[in-house]
Amino acid sequence: MKKNILILTLILFTGFISEAQVKKGDVLIKNGTVLTITKGTLDNTDVLIKDGKISRIGKNLKAPNGVQEIDATGKFIMPGIIDAHSHIALSSVNEGTSQVTAEVNMGDVIDPFDVSIYRALAGGVTSTHALHGSANVIGGESETLKLRYGTSNPEELKFEDAPRTIKFALGENPTRGGRSRGIQPSSRMGVEAMLRNSFNDAIAYRSTWAAYKADKNPRKVAPEYDLRMETLVDILDGKVLVHCHSYRADEIYMLLKVFTDFGIKKLTFQHANEAYKVASELAEFGASASVFADWWAYKLEVYWSTAYNATILTRNGVLTSINSDSGELIRHLFHEAAKTQKYGDLSDEEALSLITLNPAKQLGIDNRVGSIEVGKDADIAIFEGHPLSVYAIPVMTFVDGVKYFDRANDIADQRIYINPEEAVENITIFNREDEDRCMEEGVVSFEALFSNKK
Amino acid sequence: MKLLLTKTIRAVFLMLLTVSTVSLNAQSDPTGESAVTRTFAITNATVIQAPGKELKGATVVIKNGLIQAVGTNVTVPTNAQVIDGKDMFVYAGFIDGLANTGAKRPENTPRPNDLFSPDPPNDYAGITPEHSLLDQLDIESNTIASMRKEGFAISHSVPFGRMLPGAGSIILLGDKKHADELILSKDVTMFTQFAGAPGAYPGNVLGIMAKYRNLYRNAENNKKHYDSYAENPSGIERPERDRVTEAFFPVVTKQQAVMYDASGVLEVQRAMRLQKELGFRLMVGNVKQAWDLGQMFKDNGTGVFLSLDLPDAPKEAKGKDLDEMTEETKRLEARKVDFYKKYVGQAASLANSGVKFGFSSLDATSTKVKANLLTMIENGLSENDALAALTTNAASLLGIDKITGTVEAGKIANIMVSNAPYFTKDSQIKFMFVDGDKYDFEIKEKGAAGNGNRSAAAGNDPIVGSWTYNFETPNGASTGKMTFAKDGDTYTGKMTSNDGAPDANLQEVTFANGTLSFIFMIDAGGQSVELVVSGTVTGNQYDAEVTVSAFNFSTPMSATKDGQ
C-alpha cells in the first residue's frame with residue numbers, strides 16, 4: 001500500500017513536471033464581423049476572451065479591468081485555421097527504413113524553431129496535424145499541434161489531450177520505398193497484405209497479453225513487449241484515429257474493406273484525389289477525407305484529379321477538409337478553401353468549414369476549436385477583407401487568446417535560435433518535407449560522400 | 001671485535017634489505033623510464049584544495065599514488081622528490097565528463113549482404129549496449145596525453161558507435177603499460193546517442209526513440225523473468241541470454257545511469273522525455289544549447305556535462321565593411337552576436353540558476369579547452385564555478401567524489417600544477433600527477449605562450465610547405481597534396497586530391513603544441529559536408545584523424561612533408 005502511494009505520488013509529481021505551462025491570454029475583440037461557422041455570421045459583434053477561452057460573444061461588451069481591447073471594425077473574425085495535413089515543425093518526417101513503424105511518434109521530433117510555424121500563423125493557421133511521412137504503409141503516430149511559436153520547449157506546441165492519430169500510406173510512395181530497399185511492399189497488393197498481416201499479428205499479440213494478464217500464477221513470465229503491436233492493438237481498439245495517405249479510388253476502397261474486416265471505424269483519407277469516385281462508399285462507411293483544393297499532376301497516381309473533389313464529397317455527405325501538406329500552401333489555406341466556391345459553389349460557411357470545423361472533427365478536437373463559440377479555445381484569426389476573397393489579408397492570429405501574429409508588428413527576423421557562425425541559415429520557403437516527398441533522391445548516401453563522381 | 005661483528009651484521013642486514021627492495025620492484029628497467037620514486041612533495045605552493053578553498057605556502061605530499069598530506073605544517077618525507085612550489089599553483093586534476101579519450105574507433109561495421117533494412121543485425125543497427133569502452137581502450141591513443149596536457153587526470157570515456165555504442169568507463173589519463181591500469185571505474189554509464197544506422201532501422205531519431213522504449217520495456221520484463229528463474233528455475237521457461245537486454249538490467253535497476261550525447265536543446269529535451277516515461281537515471285553530455293533549461297535540469301535532477309567546444313566569435317565589421325552594411329545586415333549580425341553570447345554564457349546562466357554541471361570534451365579540440373574556459377569566465381562564469389565543474393561537481397556527478405576531485409589527504413594523487421593561477425591567460429601547466437605518477441611539461445617563454453603556439457622562427461616553420469597525404473575512405477584510399485602557408489600568425493592551406501576533385505581550401509588551420517587541426521568542405525551530391533582533421537606533427541610526419549560528424553564517421557589520415 002505504502003509503495004502504491006509512493007508510486008502514485010511519483011506519477012503525480014512527474015505529471016506535474018511534464019505538463020508544459022502554456023500562456024493563456026485575455027483580450028476583447030470589438031465590433032468585427034464574426035464568422036462563427038456553427039452559428040452564422042454576426043455583424044458588429046464583440047468577442048471576449050478570458051484565460052485563453054472564448055467567454056462571451058455579443059454586442060457592446062465591456063473589457064474587464066486591464067484587458068486589452070482590439071478594434072476590429074470592418075474586419076472579419078474567424079476561427080483559427082486548422083491544417084489536417086502538415087509536416088512543418090518537425091525535425092524528422094519519415095522513419096523510412098521499415099514499412100511498418102506504428103511505434104514511432106511525431107511527438108518525439110517536434111521542432112519548435114521551424115520558421116514555417118510563424119509563416120503559418122501569418123496565414124491565420126492556429127493548429128496543424130503533424131504527420132509522419134508517406135514512405136511507410138503504416139507510419140508513426142502523429143501529433144496535433146497548436147502553433148505557440150516562440151518557445152524552445154517542444155511540449156508547449158502539443159495540443160493538450162488531442163486524440164491519438166496515426167499515418168498510413170497507400171500506393172506509389174510506400175511501394176517505391178519497398179522496391180528501392182528490396183523489401184515488401186513492391187505493389188499495391190503487397191500494401192494490402194502488409195496491412196492485413198500487421199493487424200492479424202496485433203490480434204495475436206493482444207490475445208497473448210490478455211492470457212498473460214488473466215494468468216493467476218504468481219511466477220508467470222511476461223510475453224515480449226512490442227511497441228509496434230501495442231499501437232496496432234490501440235488502433236483495433238478504436239483508441240487511435242487513422243489518417244491514410246491515398247490517391248486512387250481502388251486503393252481507397254481496398255482500405256475500407258480491410259477496416260471493415262478488422263472493425264476499425266475512425267478513418268480519414270488524406271489527399272484522396274480520386275475520393276470523388278467512391279464518395280458514397282466513404283459516406284456509407286463514415287470515413288472522412290482531407291484533400292487538396294486543386295493540386296494534381298505531380299505523379300501518375302494523381303492523374304484523375306478534379307478541383308470539384310471537395311464539393312462532390314461534401315454534397316455526398318462526406319466530412320471533408322482541405323489541407324496544405326506544404327510549408328507554402330499553409331500560408332493561404334483560406335484561398336484554397338475559396339477555390340471550392342469557384343469549382344462547386346459551396347456556401348461561405350461550407351467553404352470555411354473545410355479549413356476549420358471539419359478538420360477539427362477529423363482530428364477529434366472539435367470540442368475545443370474549429371468554430372467561434374462560448375467555451376471554446378480562443379484560437380482566432382482576424383482578416384482584413386472576407387477570408388474567402390482574393391483580397392483577404394490575415395492581420396492577427398491568436399492561440400489561447402495569446403497573439404502570435406500581428407501584421408502591424410511583423411518583425412522580419414523571426415528565427416528563435418540563431419547559429420552564431422552564420423548570418424542567415426539556408427532557409428527557403430519550401431522546406432524539408434519537400435525532400436521527404438522524394439526522399440530516395442533527397443538523402444545523400446554515405447558512399448556518395450566519398451564518391452569520385454562529382 | 002664485538003663492534004666489528006655488529007657492523008658486519010648491520011651491513012649484511014642492509015644488503016639484504018637492499019636486495020629485497022630490488023626484488024620487490026620485480027624487473028630491472030632497461031629503458032630507464034620508470035620513476036626513481038613515487039613519493040613527491042610540492043612545497044611552499046598555493047594550493048587550491050577545492051573551489052574557494054585556498055592554502056598559501058602549503059606543502060602537498062604524494063605517496064603511493066595518494067595524496068598523503070596537505071597543509072602548511074607538513075613534514076616532507078626523506079625519500080620524497082621535492083618540487084619547489086614557489087610561485088606555483090596546485091589544483092585537483094580535472095575530470096572530463098564525456099569524451100572518447102583513450103578509445104580507438106573501430107572499423108565501420110560493413111553493410112551486411114542482403115541487409116533487411118527493417119530489422120538489421122544489432123551491430124549494424126548500432127545497438128550494442130553490451131560493449132564497453134574497455135573493448136576500444138588503447139593505451140597508445142594520443143588523446144590520453146593531449147587531454148592530460150590540458151590538466152585532465154580523469155575522463156569518463158565512452159566507446160564509438162551509433163545509437164547504443166556501449167558502456168562508458170572512468171579512466172585515469174596516465175601513461176601505462178596495460179589498459180587495465182587505466183581503469184578507475186568500469187562500465188558506469190550506458191552511453192546513448194541519437195545516431196541512426198545508415199539505411200537501416202533505426203534510421204533517425206523517430207526510430208531511435210521508439211527502439212529505446214521497446215528495449216527498455218522488454219528489459220524490465222526480462223529482468224523479472226531472470227530474477228524468478230534465478231530464485232527457482234523449476235517450471236519456468238529458461239530465459240534467453242540476450243546480451244542487449246542484459247546490458248539494460250543495471251539501467252532498469254538504476255545502478256547504472258544513462259549518458260546521452262545531447263548537444264542541442266531539442267536532443268536534451270528528447271532524452272528527458274524518455275527519462276520521464278521510463279524512469280532511468282539520466283545524464284546528458286556535450287550540451288551546447290541549454291541556456292533555457294536550468295529549471296528543467298533542477299526539477300528532473302539531470303546530471304549535466306556542458307561542451308567545452310564553443311562557436312567562433314562573430315567577426316566585427318570595421319571601416320569600409322561596416323559602412324557598406326545595410327541596416328538588415330547589421331540586425332542579422334547583431335543577432336549572431338546575441339546568440340554567440342548565449343553559447344559562451346551557457347555555463348554562467350546554468351550556474352546562476354543553481355545547476356551543478358561538469359564539462360565534456362567530446363566535440364572540443366583539446367588545445368582550445370583553456371581558451372574556451374576563459375571565454376566562459378569572461379562571459380559571467382565565476383572561476384570557482386568553472387573549477388567546480390572541472391573537479392568537484394564532475395566528481396560528484398560521476399560518483400567518484402570520495403576518491404578524487406579535491407587536493408585533500410586520502411584522495412587519489414590527481415594533481416595539476418601551473419605556473420600562475422590557472423584561469424589567467426598566460427598560465428601554463430608545469431606538472432601533472434595522475435594516479436601519483438608525475439608528468440613534466442616544458443614551460444614556454446612568455447610571448448611565445450601568448451598566442452599559444454610553439455611558434456617556430458619564420459622560414460623554419462614545421463607546417464609551411466607541401467605534404468603528401470593519404471587516408472582511407474569507404475571507396476578506397478584517397479591521396480593527394482596539402483600545402484600550408486603562413487601569413488603573420490595565420491596559417492592557410494589547400495588540398496589537392498589525386499582523384500581529380502576540385503581543390504579544397506583548408507579552413508581554421510591551427511597549429512599549437514604540436515597539434516595541427518583544420519577543416520575542409522567537400523561536395524557530396526550537391527550537399528556540402530564538413531570534414532574535421534586533427535592530429536599531431538612529429539618532425540615531417542603528421543598523424544591525424546578525419547572526422548565527418550554528419551555521418552558519425554572518422555578515419556585515420558597520415559601525411560609526410562615533402563622534400564625532406
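Reply: Gly354(B), which follows H10(B), has a positive phi, near 85°. This is a predicted model, in which local features need pLDDT of at least 70 and side-chain atom pairs count only at pLDDT 80 or more, while totals for chains, interfaces and linings use all residues. Residues are numbered from 1 along each chain as its sequence is written, and chains are lettered from A and ligands numbered from 1 in the order in which they are written.

Me: How do you know that the span of helix H10 of chain B agrees with its number of residues?

Reply: A helix is a DSSP run of H or I with at least four residues, numbered from the N terminus, and its expected span is 1.5 Å times one less than its number of residues. The 26 residues of H10(B) should therefore span 38 Å, and because the end C-alpha atoms are 35 Å apart, the two agree.

Me: Where does H10(B) bend, and by how much?

Reply: The bend, which is the angle between axes fitted to the seven residues ending at a residue and the seven starting there, is about 60° at Gly345(B).

Me: Which residues of H10(B) are called buried?

Reply: Among them are Phe339(B), Tyr343(B) and Leu350(B), where buried stands for 20 or more other C-beta atoms within 10 Å of a residue's own, with C-beta atoms placed from the backbone.

Me: What is Val60(B) in contact with, leaving aside its neighbours within four places in sequence?

Reply: Contact requires C-beta atoms within 7 Å, and the partners of Val60(B), with those neighbours left aside, include Ile42(B), Val90(B) and Ile415(B).

Technical notes:
Helix = DSSP H or I, 4+ residues; strand = E, 2+ residues; numbered from the N terminus. Buried ≥ 20, exposed ≤ 12 C-beta atoms within 10 Å, placed from the backbone. Contact = placed C-beta atoms within 7 Å.
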